[in-house]
Amino acid sequence: QVQLVESGGGLVQPGGSLRLSCAASGSIISIYAMGWYRQAPGKQRELVAAITSGGSTNYADSVKGRFTISRDNAKNTVYLQMNILKPEDTAVYYCNADRVRLGVRYDYWGQGTQVTVSS
């Protein structure tokens, strides 16, 4: 079992920055692929950024060049640095841990943190 707790959300003006954190407990995250997802009102949850256990990253086209995902395995924490925020980035952001072992998928979610970009 993995417990994930997100923090760092809030209200920010367009063009501003926020850093989200996802602290994990119950298991080491180094063996998991970690991702940040978001869900805006009336929309489906979408992948924002992901990082594999080996450190490879991928991003949604809408955030490339503005967001950076990173992981600190020693702190069992994953981060999402968000720069040049836009109103369309407003959403609840969720942390995810994902792993497949012996054909069984292990998939865990945090409770989410609200990010609001508005002037």
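Biologist: By class, which residues make up the lining of the largest pocket?

Modeller: The lining has 7 charged, 4 polar and 2 nonpolar residues. Asp, Glu, Lys and Arg count as charged; Ala, Val, Leu, Ile, Met, Phe, Trp, Tyr, Cys and Pro as nonpolar; the others, Gly among them, as polar. This is a predicted model: local features need pLDDT of at least 70, side-chain atom pairs count only at pLDDT 80 or more, and totals for chains, interfaces and linings use all residues. Residues are numbered from 1 along each chain as its sequence is written, and side-chain values use heavy atoms, without hydrogens and water.

Biologist: How is a pocket defined?

Modeller: On a 1 Å grid over the protein atoms alone, a pocket is an open set of points with protein on both sides within 12 Å along at least five of seven lines. Lining residues have an atom within 4 Å of a point. Here the largest pocket holds about 160 Å³, the space filled by probe spheres set on the points. Its lining has 13 residues, with Arg38, Lys43, Glu46, Glu88 and Asp89 the closest to the centre.

Biologist: What is a nonpolar core?

Modeller: Take buried Ala, Val, Leu, Ile, Met, Phe, Trp, Tyr and Cys residues, joined through side-chain atoms within 4.5 Å. Buried means under 20% relative accessible area, exposed over 50%, partly exposed in between (1.4 Å probe, protein chains only). The largest core has 30 residues; Leu4, Met34, Trp36, Phe67, Leu80, Met82 and Tyr93 touch the most other members. Strands that each supply at least two residues include strand 4 (33-39), strand 8 (77-82) and strand 9 (91-101). Strands are DSSP runs (E, at least two residues), numbered from the N terminus.

Biologist: Which residues is Leu80 in contact with, beyond four places in sequence?

Modeller: Contact means heavy atoms within 4.5 Å. Among the partners of Leu80 are Leu18, Leu20, Trp36, Val48, Phe67, Ile69 and Tyr93.

Biologist: How many disulfides does the whole structure have?

Modeller: A disulfide is a covalent bond between the sulfur atoms of two cysteines. The cut-off is a sulfur pair within 2.5 Å. The search finds 1: Cys22 to Cys95, S to S 2.1 Å. The link is left-handed, with -80° about the S-S bond. Cys22 lies in strand 3 and Cys95 in strand 9, so the pair ties together parts 73 residues apart in sequence. Both cysteines, Cys22 and Cys95, are buried.

Biologist: Which residues other than glycine have a positive phi?

Modeller: Most residues other than glycine have a negative phi. Asn76 has a positive phi of about 55°, and Leu102 has one near 55°. Asn76 lies in the loop between strand 7 and strand 8. Leu102 lies in the loop between strand 9 and strand 10 (104-109).

Biologist: Is Asn76 buried or exposed, and is Leu102 buried or exposed?

Modeller: Asn76 is buried, at 13% relative accessibility. Leu102 is exposed, at 76%.

Definitions and conventions: Helices (H or I, at least four residues) and strands (E, at least two) are DSSP runs, numbered from the N terminus. On a 1 Å grid over the protein atoms alone, a cavity is a set of points where a 1.4 Å probe fits but cannot get out, and a pocket is an open set with protein on both sides within 12 Å along at least five of seven lines; lining residues have an atom within 4 Å of a point.
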